[in-house]
Amino acid sequence: SLGMENAGFKPIFVSELNKDAMSSYVANRPFFQQNEDLRCNDIDELLDNNAATLKKVRNTLKDRGLLQGTGRKTSLDLICGGPPCQGFSGIGHRRSYGVDKQDLPSNQLFHKMLEVIQAFQPKIFLFENVKGLLSAKWRPEDKHPNIWQQVYETYKETFKNYTVRWELVL
């Protein structure tokens with residue numbers, strides 16, 4: 001987040017699952033200390049009840065002049081997110097060996113990020129994760145890596161109005 005801010009982006013909403021990370025983030029940003037309604041702890045909060053909270057956030061941003069326009073004519077430059085990566089990390093796997101990766105809810109959060117991007121339609125979006133996503137398989141018996149392929153194809157199919165590309169940054 002700090003890197004994006006140093007590049008000139010101004011955050012207007014934050015969602016962070018880890019309470020300590022959220023506390024640290026907010027403690028260093030007076031805007032979010034004063035605007036509790038522009039932060040949430042879990043993307044599920046945004047999307048529950050037919051995305052009622054997401055709609056409320058969008059309306060709040062518009063009412064405060066932080067968001068103008070709709071659809072592809074929005075003033076929102078960027079949505080940046082990194083769904084939890086523990087299930088794909090090469091270090092510190094936090095998964096049960098008795099459960100396939102596709103059955104772990106945190107490994108499916110890329111679908112929820114799709115919904116947020118669709119709701120706001122920013123000029124660009126950034127999906128960030130770990131290198132292990134490129135070689136991850138849903139089940140141990142799968143012969144080829146298939147998780148990244150599914151994520152990439154899903155984003156390409158869903159966002160036909162965007163140029164979807166990826167790059168490994170080391």
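What follows is a set of questions and answers on this structure, which is a predicted model.

Trainee: In what order do the helices and strands of the protein chain run from the N terminus on?
Mentor: The secondary structure of the protein chain comes to six helices and four strands. Read from the N terminus on, these elements follow the order α-β-α-α-β-α-β-α-β-α.

Trainee: What share of the residues in the protein chain is buried?
Mentor: A residue counts as buried when its relative accessible area is under 20%. Among the 170 residues of the protein chain, the share that is buried comes to 33%.

Trainee: Which elements do the buried residues of α2 pack against?
Mentor: In α2, the residues Met22, Tyr25 and Val26 are buried. Seen down the axis of α2, its buried residues fall within an arc of 90°, so they line one face of the helix. The face turned away from that buried side carries the exposed residues Asp20 and Ala27. The elements against which the buried residues of α2 pack are α1, β1 (14-15), α3 and β2.

Trainee: Which residue caps the N-terminal end of α2?
Mentor: The cap is made through a side-chain oxygen, which lies 2.9 Å from the backbone nitrogen of aspartate 20. The residue that supplies this oxygen, and so caps the N-terminal end of α2, is asparagine 18.

Trainee: How many salt bridges does a search of the whole structure find?
Mentor: Side chains of opposite charge can pair when their charged atoms come close. For a salt bridge, the side-chain nitrogen of Lys or Arg has to be within 4 Å of a carboxyl oxygen of Asp or Glu. Searched in this way, the whole structure has salt bridges numbering five.

Trainee: Is arginine 29, which forms a salt bridge with glutamate 5, buried or exposed?
Mentor: In this salt bridge, the closest N and O atoms are 2.6 Å apart. The pair links distant parts of the chain, with arginine 29 in the loop between α2 (19-27) and α3 (30-34) and glutamate 5 in helix α1 (residues 2-6), 24 residues apart. Glutamate 5 is partly exposed, its relative accessible area being 25%. Arginine 29 has a relative accessibility of 12%, and because the limit for burial is 20%, arginine 29 counts as buried.

Trainee: How many residues apart in sequence are the parts tied together by aspartate 37 and arginine 64?
Mentor: The side chains of aspartate 37 and arginine 64 meet in a salt bridge, at 2.5 Å from N to O. Aspartate 37 lies in the loop between α3 and β2 (39-40), whereas arginine 64 lies in the loop between α4 (43-63) and β3 (78-81), so the pair ties together parts whose separation in sequence is 27 residues.

Trainee: How many residues apart are aspartate 44 and lysine 112?
Mentor: The side chains of aspartate 44 and lysine 112 meet in a salt bridge, with 2.1 Å from N to O. Aspartate 44 is in helix α4 and lysine 112 is in helix α5 (residues 109-120), so that the pair links distant parts of the chain, its two members being apart by 68 residues.

Trainee: What is the area of the nonpolar surface patch that includes Leu134?
Mentor: Leucine 134 is placed in the loop between β4 (124-127) and α6 (147-158), and at 31% relative accessibility it counts as partly exposed. The patch is made by Leu134, Trp166, Leu168 and Leu170, and its area is about 430 Å².

Conventions. Residues are numbered from 1 along each chain as its sequence is written. This is a predicted model: local features need pLDDT of at least 70, side-chain atom pairs count only at pLDDT 80 or more; totals for chains, interfaces and linings use all residues. Side-chain values use heavy atoms; hydrogens and water are left out. Patches are made of residues with over 30% relative accessible area and no salt bridge: like charges are joined within 9 Å, nonpolar side chains (Val, Leu, Ile, Met, Phe, Trp, Tyr) within 5 Å. Accessible areas come from the Shrake-Rupley method with a 1.4 Å probe; for residues, only the protein chains shown count as cover. Buried means under 20% relative accessible area, exposed over 50%, partly exposed in between (1.4 Å probe, protein chains only). The arc is that of the directions from the helix axis to the C-beta atoms. Contact means heavy atoms within 4.5 Å. A polar contact is a pair of N or O atoms within 3.5 Å; within protein, one must be able to donate a hydrogen and the other to accept it, and residues adjacent in sequence count only if both atoms are side-chain atoms.
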